[in-house]
Structures are given as C-alpha cells and as structure tokens.
Amino acid sequence: MKKRFLTLLAVVALPWVMFAQNIVDVFLIGGQSNATGQGIVKNIPSSFHTDERVHFYYSKFLNQGEGGGQWRALCSASETKEKFGVELSMGTALKKYFPNREIALIKHALSGSNLYSQWNPGNRSGEKRGPEYEKFINTVQEALNDLKAQGYRPVIRAMVWQQGEADARELAGLDNSRMYGNNLRNFILQIRKELEAPDMLFIYGEVIPMPAIRFPGRELVRQAQIEVSEGACSPLSVKNAILVEGDDLQMKRTDYQTPVPQDDVHLGTFGLLTLGERFAKAIYDNSKCWK
C-alpha cells in the first residue's frame with residue numbers, strides 16, 4: 001500500500017517537476033554605443049569560445065536587421081556583424097557560473113541614445129515614453145512570449161545597462177546631466193514594474209573613463225551612477241542596483257588595426273570581453289537567493 005501511494009505521489013508530482021525544469025533564467029541588455037558594442041569581431045582571440053548553448057534574442061534593429069526578432073544560439077549583435085558587445089563574454093561566463101541552468105539573453109541598444117528622452121519610460125507627469133524604451137519593452141515581451149509558447153517558464157533575473165555618455169554631452173545640457181541620477185532611479189523602478197520583475201538585479205558600468213570637452217556633464221553623470229547604487233546608501237540608492245568598475249577597461253583606440261585611433265569613449269575588443277565577464281560575476285555574486 002505504501003509503495004502504491006509513493007508511486008501515485010510521484011505521478012501526480014511529475015508535471016510540477018517538469019514545469020520547474022523548464023525554467024529559463026533571462027538576462028536583459030540595454031543602453032547606448034558601449035552596450036550596442038564597438039568591439040571588433042576579427043580581433044577576438046582564438047582562445048575565447050562563445051558558448052552557443054546560451055539562448056539569445058536581439059531586436060530587429062541590430063545587425064542591420066538581419067537575424068533579429070528570433071531565438072538563436074549566442075552570437076554577436078551590434079550595428080553590424082563586424083562588431084560585438086558584452087553579450088558574448090557575459091553569456092559565456094553566466095553559463096560557466098550556472099552550468100545546470102538554462103541561460104537566455106535579450107538585447108536592444110542604440111548608439112548615441114540618451115536616458116532623459118529616448119529611454120524615458122514616460123511614467124512621470126509631462127514626459128513622453130521614449131522610442132528606445134518602447135523598442136526595448138516590445139523586444140523583451142516578444143522574446144518572453146516566444147519562450148512561453150515553447151513551453152518554457154522565463155524568469156527575469158537581471159538587466160545590464162551601459163549608458164550615460166549621451167546625458168553628459170554638451171548637446172544634452174547640464175540640466176539633463178544633473179537629472180541623470182533621478183532619471184536612472186526612475187528608469188530602474190519603472191522597468192521592474194513594467195516587466196513584473198521587482199527583484200530584478202540592475203547591473204551597470206562606469207561611463208566616460210577619459211575626460212573630454214564634449215562631455216561637460218561627465219562628473220555629474222558619474223557621481224549620479226555612484227549615488228544610485230545600493231551600496232552608496234544615498235537618497236537615490238536603489239535596492240539591488242550594482243555599479244561595475246569600468247575606468248580600467250581597454251579602449252577601442254588601442255585595438256589591433258583600430259579604425260579609430262583617437263576614440264576616447266568606446267571600449268575595445270578586450271575591454272568589452274572583460275566588461276561582460278564583470279557583469280556576469282556581479283550577477284553571480286548577487287544570485288544567492290535564486291530558486
């Protein structure tokens with residue numbers, strides 16, 4: 001009798017076990033040019049191997065519209081196929097940290113885009129929903145719906161964000177530079193609310209390592225990045241918001257046969273590979289409560 005009961009219990013529990021096994025851990029990528037990625041694909045060292053077991057979905061606005069809007073094995077996704085962003089090393093590192101979990105990345109980014117307008121969630125009085133925020137949300141929702149249709153249970157674990165240069169530029173004006181902290185805080189809280197992911201980690205990297213005249217709001221934006229981080233314990237601090245160091249990362253100006261030897265803002269091939277690994281490490285270090 002006891003044996004029959006245990007067998008029946010196992011049969012009843014089986015659908016729940018299968019459902020749990022279909023969980024997919026989802027990680028989002030957004031921002032401007034260093035999120036889009038300016039790394040040079042042909043300069044990636046032969047020792048680096050992309051883990052193609054990682055699932056990847058990028059917006060229809062990347063890779064010149066080719067291959068976007070569908071799930072595929074992890075690959076580069078930038079303005080063109082000759083460039084890449086943090087997706088390659090981040091996805092590969094996450095799979096190493098979580099070898100027994102299904103890892104999926106969703107990405108949309110636009111070079112030169114600002115937070116105060118283009119990525120504005122439009123949830124505050126007198127503000128409009130920005131086009132890049134709209135594209136990002138649509139991309140994420142389409143990707144999640146596709147996973148659900150395939151029988152998976154997607155769980156958004158973290159978002160990585162590499163952005164801020166456009167809000168520090170002279171074109172933005174110092175008023176928008178001063179508002180970066182408030183805008184970033186609002187962005188994080190609203191995107192968690194909209195995606196129904198209140199515990200989503202928000203991992204973001206330092207911007208503008210090199211001072212330049214065209215970035216008069218540099219210090220304002222960089223200070224705001226610090227204040228928004230949970231560890232700063234400031235009035236702007238957001239729980240589970242983690243700032244990742246970036247000032248020491250290799251720049252594109254020093255890439256092998258770089259086409260932009262004077263570039264003072266974009267991360268290079270090794271800089272992006274390192275940043276992706278740092279993002280993955282920050283996610284891993286703050287994942288202890290995951291089920």
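Tutor: Begin with the lining of the largest cavity: Asn 34, Gln 162, Glu 165, Glu 206, Val 207, Ile 208, Pro 209, Gly 246, Leu 249, Val 265 and Leu 267. On a 1 Å grid over the protein atoms alone, a cavity is a set of points where a 1.4 Å probe fits but cannot get out, and lining residues have an atom within 4 Å of a point. This is a predicted model, in which local features need pLDDT of at least 70, side-chain atom pairs count only at pLDDT 80 or more, and totals for chains, interfaces and linings use all residues. Residues are numbered from 1 along each chain as its sequence is written, and side-chain values use heavy atoms, with hydrogens and water left out.

Student: What volume does the largest cavity have, and what classes of residue line it?

Tutor: A volume is the space filled by probe spheres set on the points, with grid points joined across faces, edges and corners. For the largest cavity this is about 50 Å³. Its lining has six nonpolar, three polar and two charged residues; Ala, Val, Leu, Ile, Met, Phe, Trp, Tyr, Cys and Pro count as nonpolar, Asp, Glu, Lys and Arg as charged, and the others, Gly among them, as polar.

Student: Is Asn 240 buried or exposed?

Tutor: Buried means under 20% relative accessible area, exposed over 50%, and partly exposed in between (1.4 Å probe, protein chains only). Asn 240 has 19%, so it is buried. Contact means heavy atoms within 4.5 Å. Beyond neighbours within four places in sequence, Asn 240 contacts Arg 192, Asp 199, Met 200, Leu 201, Phe 202 and Glu 230.

Student: Why is helix α3 described as largely enclosed?

Tutor: Helices are DSSP runs (H or I, at least four residues), as are strands (E, at least two), numbered from the N terminus. In α3 (residues 87–97), nine of the 11 residues are buried, so the rest of the structure largely encloses this helix. Its buried residues pack against β1 (23–31), β3 (55–58), β5 (83–84), β6 (102–107), β7 (153–162) and α9 (269–285).

Notes: On a 1 Å grid over the protein atoms alone, a cavity is a set of points where a 1.4 Å probe fits but cannot get out, and a pocket is an open set with protein on both sides within 12 Å along at least five of seven lines; lining residues have an atom within 4 Å of a point.
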